[in-house]
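Dear colleague,

I am handing over the structure below, and after it I set out what was found. Please read the notes with the structure open beside them.

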Amino acid sequence: MSVFTDKRVFGIKRKNASGLSTAGQVCANDIILWVIFLLPVSIVLHGAGQCFVAIGLFAGNVIGWIFLSKRMNSYVEISKKKIHNAPELFAARYDSWLLKDIVSVIWIVTLGLILVSVLKVIVSVAAYFMNMDEWICMAIIVAFLVFATILIDNRLMGIIKTVVFILVIIACFVMIGLVFYRMDVWEILDNYRRARLSGGTSTYLNILYYDGDTVNAGSAVSMAGVGLGCIAMPLMYKGVINIQNVKELDAGRIWAIVFEGFTIISSCALALLVVPVLYPGRISAYMNSFQVYNLMLKRLLGENEHADIIRLVVLMIFILAVVVMLESFMRTICEHIRGIVPSIKKAGRGLKLAIDITVVVLTGVILLAFGIFVEYDRERMITLSWGMCTAALAAPLMLSLMYRHSTKAGVYVGIISGMASFIVWNFISLIHGETLKAYLDLSGDVAGFAVSFILTVLVSVCTRKNSEEELKDFDHMVEEQR
């Protein structure tokens, strides 16, 4: 057997995966990260204007599911080359395994930094509830990720993630219902006014304001631009690749949009209700979403044995949701690392399985060491690593499935220019001692995506076309969409 779903031991074996479980699994990976882990505190601190991030996330996922997922599935079916994951699409289209490895490395680094950053927060929360040293708690969670990656079938894990994801949606709506059960509308509005929010209650609750100031075009685009990285999400976790039945794929696309819509609406509404529920208390920028929800549940349920049990169950649902998301990150990281490791000719199944397990264990050890010994601004690291990945990969991957004449040279230039633009835009002072991000109030991931998109197209137009065989495969893929 093989540890990984791309069957490194037996060769690729596509399964007729369920559209529902695939949708739940993919949605759980990115939506939970943003709307459960990062977005609530940001909305509470800055107001409803931060909902532009949620709008961008939803739009990016919808674009990915509607316009790219079916093309990816068709291309995998049509191509004579083996495609196990999205990076190998680049190898198939442009006949370049080096390009595939570059994409894999970017994805590995991005997911690795996000995984460790989220893991540090989860560990602090879990250690508090379990009265345990943080390093021990971190070792337990990493050990779970290692064993889950090795032992649990990806299809079973997809079902588990779907169930957990649905529980998260239910928990959000239950908490919202509990708020309105405990407080009437006038009390909620009165508490908003008493809280003396920046700009006033109406400004705080107006999506066109952020931190009491009007949201300008640059800020709105930057916040919504976070969703650009989600365009490729349905492809990067390869659930789309494993669906052979077109009806199941269509069902998965519909379920994904439904899941994401409900989760974004419920989590944003819940975050906006934190202020009146906690009044006269306030939260700080140093708190995480789990601490906020803990305080909110204490205020709503009170302090008694039954309330403590309910509060623990709800918080455990949120923590479990993030842990299963981390398992997806871990599995994907290991699969891409395994894809980079050179194949050993005439290696038996036992040796290949041993290599698979070694990759997983070493990855876990590295993550554990990094999590224990390296300190940094976790939220900033998540944002920067996500932005860099968006700037580098979103446009080339999208164009590889949408633009017939995209070439290897064009994609190389798109990846490099996107990364360079992101770095220059965010970190180098160019105008009046300010970075372009500060001066134009536009994020580097949006600028990087735009530069990458334009240069990929321009260089592709000016360079040699792909082989006739590849162009026929692309045309066949397009024809199947009609």
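Two rings of Phe, Tyr or Trp are taken as a pair if their centres lie within 6.5 Å, and planes over 60 degrees apart make the pair edge-to-face. Please keep in mind that this is a predicted model, in which 6 aromatic pairs are found.

One of these joins Phe 173 and Phe 262, whose ring centres are 6.1 Å apart and whose planes stand at 70°, so this pair is edge-to-face. Because Phe 173 belongs to helix 6 (residues 154–182) and Phe 262 to helix 11 (residues 246–272), the pair ties together parts that lie 89 residues apart in sequence. Phe 173 has a relative accessibility of 37% and therefore counts as partly exposed, and Phe 262, at 44%, is partly exposed as well.

A tilted aromatic pair is formed by Tyr 192 and Tyr 204, with 5.8 Å from centre to centre and 45° between the planes. This pair links distant parts of the chain, since Tyr 192 is in helix 7 (residues 185–194) and Tyr 204 in helix 8 (residues 201–204), 12 residues apart. Both Tyr 192 and Tyr 204 are buried.

Turning to another residue, Ser 400 lies in helix 16 (residues 378–402), and with a relative accessible area of 1% Ser 400 is buried. If its neighbours within four places in sequence are left aside, Ser 400 is in contact with Leu 89, Phe 90, Arg 93, Tyr 94, Ser 406, Val 411 and Phe 474.

Terms used:
Residues are numbered from 1 along each chain as its sequence is written. This is a predicted model: local features need pLDDT of at least 70, side-chain atom pairs count only at pLDDT 80 or more; totals for chains, interfaces and linings use all residues. Side-chain values use heavy atoms; hydrogens and water are left out. Rings of Phe, Tyr and Trp (its six-membered ring) pair if their centres lie within 6.5 Å; planes under 30 degrees apart count as stacked, over 60 as edge-to-face and the rest as tilted. Helices (H or I, at least four residues) and strands (E, at least two) are DSSP runs, numbered from the N terminus. Buried means under 20% relative accessible area, exposed over 50%, partly exposed in between (1.4 Å probe, protein chains only). Contact means heavy atoms within 4.5 Å.
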